[in-house]
Amino acid sequence: MKPFRFPLAPAAALLFALTPELSLAGSASQFDIRIPSLATEAQINGDLSDPVWQQASSTFLTFETRPAENAPATVQTQAWVYATDSTLYVAFKADDPNPGDVRAHLRPRDDIWGDDMVGIKLDTFNNARLAYQFFINPLGVQLDSIENELNKTESAAWDGIWQSAGQITDTGYQVEVAIPLSQLSFDDSPGDKTWGFELIRFHPRDAERRLSTHAISRQNSCQLCQLGVASGLATVNLGNGLQVTPSLVAKGHRVRGQAPGSEWQDEQDVDAGVDLRWALSPSSLLNATLNPDFSQVEADAGQLDVNSSFALFFDEKRSFFLDNKEYFDSQVSLLHTRNLVDPDYGVKFTHKSEAHTFAFLGANDSASHFLVPGNLGSSVATIDSESHNLAGRYLYTSSERLAVGAVITGKRSNDYHNLVVSADIKYQPTAQDTFIGQFASSDTQYPVDLYRDFCGSDDDCLPADSCNLNDCQLNEQVLRTHKEGALRGEMYRLGYKHATRDYYLKADYESVGEDFRADLGFIEKVDQRKAVLGGGYIWYPTDSWFNEVELGGDWDITQNQNGEKIEQELEGWLSAEGGWQSWVGGGWLTREKVGRRLDASSLAIDGNTTLFDETRFWAEASAHPLSWVGGGLAASWGDEVDLQNNRLGTSLRASGELELKLTDGLMIEASHAYYALDVDEGRLITANLTDVRINWQLNVESFIRFSGIYTHIRRDPGLYLYHTPDNLSKDLGTELLYGYKLNPLSVFYLGYADGMQADDHWPGLTRTEQSLFMKMSYAFIL
C-alpha cells in the first residue's frame, strides 16, 4: 500500500506561524458574569421563592438580536446563576405584558421549537468550536443540542441528563434548571474556569424574537466567537463520574409473503444489554455498550424514492452513537454511523482540552454495510459476514481563527476492507473570511464476487450467485465493484466564504477520485469534480411586514475525472422572513444534465450519454400565525430528465406540512408529498406519500404516539423503453407506541408495528409484517 500524503501540511505550518498564541473566544467586553459557589441545592420545581436564589448572581437579557439588530428587548427577562461543586443552577423570570399569549405545550423532548423558550449556551473551553445549548419551555420541557462552529451546524442529537421545571404565572413564566457538571466536558485545572456564556430567550409572536444578554454583530460570521464569559467554578467534585444503564428488550416479529395463504414465519427474541458512560475526568469520556438494542423506537420520516438513482440518507437516532458525535465531524462526511446496523459491542473515547480534541470509536457489526458510489448513481451493498469498524479524529484549535485536524476510518471483514486517512483545515483570518480544506486518501478491497449482487434482473443471471461478468446485465455498480486488486483513490475539497452583514460570496471546489471510497461515511458520488460560485445580498427592513429579505444565486459545474460534463447549473432565488413567523421564497434554475448511459458496459460520459436542457421553477412558504397551528407548502415544476428511459419530460413536485396543537398535550403532524412525471406520450409516474404522526403527551415524562406512512405509486408500463415495471406499488407502515421517559436513558417503551404491501399481482393491501416490542432501561449514576 502506497504511503498517504497530506499536501495541506505546509499550508497548515504557515498558518500556525501566522496565528497568535491561543486566545479566548468569549469576551468580557461582550458580557461578564461571576458564578458564585454555594453549598445549597435549589429545589427544581419552577418556584423561585427558594432563598438560595437571593445569593446567586443576577442579570437581564437586554438585547433583541433577531429580527431586530441589537435593539432594546421588548419584554423583560431576569436570570440568576450559581453553582455547587457538582451542579450549575440557572433560573429565569420571563415577564410578558400579555401572559395569556405565552406559547407552551407538553411535547416530546427536543421538539419544542415554536414555543416560548429560555436557554443557556456554554462554550466550556471558550475556543469557539463547540457549545452546549440547553433550552426549556414554560412547562419545563427540555431541548438540548450541540452547536458546531467548525461546520456551522446545530444538532439536537446529543442528550444530556439534567433537571428543569417551569410554570406559567400571572406575569409570564419562570423556569429553574440544574445541569450536573458531569454531563459537560471542560478543563478541570485548579482555579477559576472561564467559559463562553450566553443566556437566551425566544419570544414567538408576530415574529420569533431572540433576546440575549449581549449584542451580536451580523458583521461577524462566527457566532461562538461572540459569546460573553462566565467565570467561577474554582472547586469541582464530580464524584465517580460513572453512569451504568442496563436494558432489557423483548420482541416478537413475524413476516409472510403477499400471496393469499402465505404462512407466517415467527421469531421471538429477548435480549439484555448494558451501556456504560464513565467521565474519567471533566475532559475525558468513555462510552461502552454490550449487546445493545440498536433498533429505533421512532420511524424514519417517509421519503419518495422515484426517478432517482442515488441511495437515500437517514439520520442517526441511537444514543450510543450520538453522545459526543460532533467530536468526529469534519468538512466531509467520513463517518455516518447508520452504516453500523447491528453491532454486538462498541466502545468510544473522547477527550477535549483547551487546544486538542481526540475521539475514537470501535464497534463490530453482524454484517458489512456500505455504499457503492458512482457519478450517475449509488447503491447499498451488504456482505453477509461480521465486520470490525473503527474511527478516529484529532483536532487542534490554536484559536478561534484556526483548526487543523485528521480523521481515520477503517472497516474490515473476511476478504474486504476499507481504510480512509484524511487531513482538514479551517482558517478565519478575519471575522468575515473563512477558508476550508480537506484531503483524504483511501485503500479498499472488495470481495471478488461482490459485483454479482448488482447484476440486475436478467433471467440468465438468477440467482445472483450464479453470475459471471458475461451473464451480468451491466450497470455502474457492477463496473465499480468488478475490479482486481485494491482500489486506491483520493479526494479533496477547498472552499472560501466572505460573509458580511449585508452580503456574502462563496467558492467551493471538490474532486473525488474514481477509486475513492469512504465506506463508514456517506460519500455517494465519486469520479467527479464539482466547482461552485455563488453569493447573495441581504436587506433588513424596519417598520415592514418583512424583516429580512435575501437575493442570491450560484453557478456550478460537475465533470467526471476525465473532464466530461455531467451537469452545469445556474440558479437564482429571492426569499423573505416576516410576520406570522413566516418565510416565503421562490427561484429559477436552468441546467444541462446527462441521462443514463447508452452503453452500460462503459463508464464514459461523452458519446455515451445524452445532455438534456432543464428549466425549473420553485416556490415555498411557511408560517406559524397562531400558537396552535403552523404549516407550509412547497412546489417545483418544469423540465426533468426521465432517468429510467433517457428522455426529457416535465414534472411537478409538491409537498405540504400541517402542525396542529389541539391541546397542551395533543398534537397532530401531517405531511404529504406528490410527484408526477409526464413524457410526450403521457403520464409516466404518479406518486403520493402521506406521513401522519399523532402525539398525546400525558405529562412531561409519558406519551402515546401513533405514526402512519402510506406510499402509493402508479406507473404506465407501456411508456417504459428498457424494462416493464409494475403498474401499482403501495406500502403502509403503522406504529403505536407508549413511552415513559424519565430522562433520555431511563425509559420504558411498549409498542406495536405492522407493514402492508400491494402490487399488480396482489392489488389489495396485504399485511406482510407485524412486531410487538418492549424495552426497559434505567441509568444508574454512581
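1. Phe186 and Trp195 are both buried in this predicted model. The structure holds 21 aromatic pairs, and Phe186 with Trp195 is one of them, with ring centres 5.4 Å apart and planes at 55°, a tilted arrangement. Elsewhere, Tyr132, Phe134, Trp158 and Trp162 come together as one aromatic cluster.

2. Ala104 sits in the loop that runs between strand 6 (87-95) and strand 7 (117-123). Is Ala104 buried or exposed? Its relative accessibility is 10%, so Ala104 counts as buried, the cut-off for buried being under 20%. Leaving aside residues up to four places away in sequence, Ala104 touches Asp115, Pro138, Leu139, Ile168 and Asp664. As for Leu589, which is 485 residues from Ala104 along the chain, the two C-alpha atoms are separated by 41 Å.

3. Most residues other than glycine have a negative phi, and most peptide bonds are trans. The bond from Arg66 to Pro67 is cis, with omega near -5°. Pro67 is placed in the loop between strand 3 (63-66) and strand 4 (71-72).

4. Ala128 has a positive phi, near 60°, and is not a glycine. The residue belongs to the loop between strand 7 and strand 8 (130-136). With a relative accessible area of 0%, Ala128 is therefore buried. Trp580, also not a glycine, has a positive phi of about 60°. Trp580 is located in the loop between strand 31 (565-578) and strand 32 (582-594).

5. Next, the cavities. How many cavities of 30 Å³ or more are there? The count is seven. The largest cavity holds about 260 Å³ of space. It is lined by 18 residues, and those closest to its centre are Arg277, Asn287, Ser319, Asp323 and Leu745.

6. Which elements supply at least two residues each to the lining of the largest cavity? They are strand 16 (242-255), strand 17 (265-281), strand 18 (284-290) and helix 2 (319-322). By residue class, the lining of the largest cavity divides into nine nonpolar, five polar and four charged residues.

7. A hairpin of six residues leads from strand 40 to strand 41. In a regular strand the side chains alternate between the two faces of the sheet.

Methods:
Residues numbered from 1 in each chain as written. Predicted model: local features only at pLDDT ≥ 70, side-chain atom pairs only at ≥ 80, totals over all residues. Heavy atoms only, no water. Pairing = 2+ DSSP bridges. Helix = DSSP H or I, 4+ residues; strand = E, 2+ residues; numbered from the N terminus. 1 Å grid on protein atoms, 1.4 Å probe; cavity = no way out; pocket = protein on both sides within 12 Å on 5 of 7 lines; lining within 4 Å. Points joined across faces, edges and corners; volume = space filled by probe spheres on them. Nonpolar A, V, L, I, M, F, W, Y, C, P; charged D, E, K, R; others polar. Buried < 20%, exposed > 50% of the residue type's maximum accessible area, 1.4 Å probe, protein only. Contact = heavy atoms within 4.5 Å. Phe/Tyr/Trp six-rings, centres within 6.5 Å; stacked < 30°, edge-to-face > 60°.
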